[in-house]
Amino acid sequence: MTSKNRNNKCKRIRAWLLKAVGSALRLADADESSLLGLDANWVQNHIASCPRCQRRLASVGKVNLALSIIKSQPHNLDLLMRANAQAIGVLKHSLREAPKARKLKVARPEPKLLERWRKYAHPATNAAACIAILLLMKAGVFSSMDKFQTQGQEVIKQYYATRAGQDVADELFSA
Amino acid sequence: MAGKTVSCGLIWDFAVPKSVDESQRWVLATMQRHGQELVTMLWRILGNEQDVCDAYQDTFLQLAHHQGRGKPEHIRAYIFRTANNIAISMLRRRAAERKLSRTIANSRLPGVRFAKGTQNRNPVNSPAQQLDSKYLQETLRYHIAQLPEHLRNVITLRDLAELSYAQVGRILEISAATARVYRCKAIQLLAVWMSKEKEQ
């Protein structure tokens, strides 16, 4: 492998890595790395033999890992309550005694609206899909019935036209 | 006349606290609205509950005393930036204290000799220790505190407070694309510093 070719591969991998960092993707995630093309054979082969790329990937991975660990550390449930109580304690008396302040002193963290509704997302999607299918079926059935009716009329008109004559058929079906 | 003055004074005394009270209600409203995300961000920056409470208290104290007790124009941006600055100052102070206590401990052990470059550092050698979660967290926090302000703000708001680039941009008064570029630079810098840490 020429050094120029090798450098080009290094550059491409570095560009991918920057893209991954910019879009806040997790390199450890198989889906996300495949999305970036990091699981391609030549990439894997190159990384296996290029110490510079190995170092680069390892160091960015380490930062990502540390950030994930920090984000995954839970705090005590009463932390918000304690923080509120301490902060309210240094505000002036009239604010300390306000009903809202009393409520804040016992506030507990609540999940965001989106997170609360996330558990209903799957059943809601299913229900919406079912409704859509039903509507489509209904629309299809009605349009088929209309088609069937007009075709049936055509056939009967044709029958009368051949048996009793065109005048009679026109008279019957124009009414 | 004197009676009139006294009565005016009394009216004034009663009127002032009430009007101040009314005008500062927004402090509590802000606490209710943004308290939770602020606590989460502070917890992730500091990793210590007492420090979180102290930083939170300082943030709201500064908010309540902002320019003659007036309400800032962009209240969310104000509290996030204030909390961020307070937390970073605390982190730096903590790092300096740790360094000082380690130096003192080293100087008290005259018989113990350290290899060059290992003084004032954690004795981290094995890969298992390097991946130790506490060590990783503390190292990252230490390095985040050393970042230039514009990069540090983006990292804390985007990664620790988990705000979108648009929100980060609005808070820092930069575009979302600039925030993205700053984050990229910050991660690269952190990666370099953390790999250097590993080598030393």
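Guide: Let us begin with one loop residue. This is a predicted model, and in it Glu162(B) sits in the loop between α7 and α8 (165-172) of chain B.

Visitor: Is Glu162(B) exposed, partly exposed or buried, and what is its count of C-beta neighbours inside 10 Å?

Guide: A residue counts as buried at 20 or more such neighbours and as exposed at 12 or fewer, with partly exposed in between. Glu162(B) has 14 C-beta neighbours inside 10 Å, so it falls into the class partly exposed.

Visitor: What is the phi of Glu162(B)?

Guide: Most residues other than glycine have a negative phi. Glu162(B) is not a glycine, yet its phi is positive. The value is near 55°.

Visitor: Where is Glu173(B) found, and what is its phi?

Guide: Glu173(B) belongs to the loop between α8 and α9 of chain B. It is not a glycine, but its phi is positive, at about 60°.

Visitor: Is Glu173(B) buried or exposed?

Guide: The limit for this class is 12 or fewer C-beta neighbours. Because Glu173(B) has 10 of them inside 10 Å, it counts as exposed.

Visitor: Is Ala186(B) buried or exposed?

Guide: Ala186(B) is part of helix α9 of chain B. Within 10 Å of it there are 25 other C-beta atoms. Since 20 or more are required for the class, Ala186(B) is buried.

Visitor: Which residues are in contact with Ala186(B), leaving aside its neighbours within four places in sequence?

Guide: One of them is Leu151(B), which is 35 residues apart from Ala186(B) along the chain, while their C-alpha atoms are separated by 5.5 Å. With sequence neighbours within four places left aside, the contacts of Ala186(B) are Leu147(B), Leu151(B), Val154(B) and Ile155(B).

Visitor: How many helices and strands are there in chain B?

Guide: Read along the sequence, the pattern of chain B is α-α-α-α-α-α-α-α-α. The count for chain B is therefore 9 helices and 0 strands.

Visitor: What percentage of the residues in chain B is buried, and what percentage in chain A?

Guide: Chain B has 200 residues, of which 32% are buried. Chain A has 175 residues, and its buried part is 13%.

Visitor: What percentage of contacts in chain A between residues at least 6 apart in sequence join residues at least 24 apart?

Guide: In chain B, residues 24 or more positions apart account for 62% of the contacts with a separation of 6 or more. For chain A, the corresponding value is 45%.

Visitor: Which residues of α9(A) meet α8(A)?

Guide: Helix α8 (residues 113-163) and helix α9 (residues 166-174) of chain A pack at an angle of about 145°, with their axes 7 Å apart. By class, their contact has 6 nonpolar, 2 polar and 1 charged residues. From α8(A) come Gln153(A), Lys157(A), Tyr160(A) and Ala161(A), and these meet Gln166(A), Val168(A), Ala169(A), Leu172(A) and Phe173(A).

Visitor: How many residues does each chain bring to the contact between the chains, and which helix of chain B supplies the largest share?

Guide: The contact takes 32 residues from chain A and 34 residues from chain B. On the side of chain B, 21 are nonpolar, 8 polar and 5 charged. The largest share of that side is 9 residues, and they come from α2(B).

Visitor: How are α4(A) and α6(B) placed relative to each other?

Guide: Helix α4 (residues 51-72) of chain A packs with α6(B) at an angle of about 100°, their axes being 9 Å apart. Angles of 65 to 115 degrees fall into one class, so α4(A) and α6(B) are roughly perpendicular.

Visitor: Which residues of α6(B) does α4(A) meet?

Guide: This contact has 8 nonpolar, 2 polar and no charged residues. The α4(A) residues Val63(A), Leu65(A), Ala66(A), Leu67(A), Ile69(A) and Ile70(A) meet, in α6(B), Ser133(B), Leu136(B), Gln137(B) and Leu140(B).

Visitor: Which residues have the most contacts inside the largest nonpolar core?

Guide: The largest nonpolar core has 61 residues, and α2(B) gives the most to it, with 10 residues. Leu42(B) is in contact with Val52(B), Tyr56(B) and Ala87(B), among others. The residues with the most contacts inside the core are Leu42(B), Val52(B), Tyr56(B) and Ala87(B).

Definitions and conventions: Residues are numbered from 1 along each chain as its sequence is written. Chains are lettered from A and ligands numbered from 1 in the order in which they are written. This is a predicted model: local features need pLDDT of at least 70, side-chain atom pairs count only at pLDDT 80 or more; totals for chains, interfaces and linings use all residues. Two residues are in contact if their C-beta atoms, placed from the backbone, lie within 7 Å. Helices (H or I, at least four residues) and strands (E, at least two) are DSSP runs, numbered from the N terminus. Ala, Val, Leu, Ile, Met, Phe, Trp, Tyr, Cys and Pro count as nonpolar, Asp, Glu, Lys and Arg as charged, and the others, Gly among them, as polar. Axes are lines fitted to C-alpha atoms, for helices over the stretch in contact, and angles run from 0 to 180 degrees between N-to-C directions. Angles under 35 degrees count as roughly parallel, over 145 as roughly antiparallel, 65 to 115 as roughly perpendicular and the rest as oblique. A nonpolar core is a set of buried Ala, Val, Leu, Ile, Met, Phe, Trp, Tyr and Cys residues joined through C-beta atoms within 7 Å.
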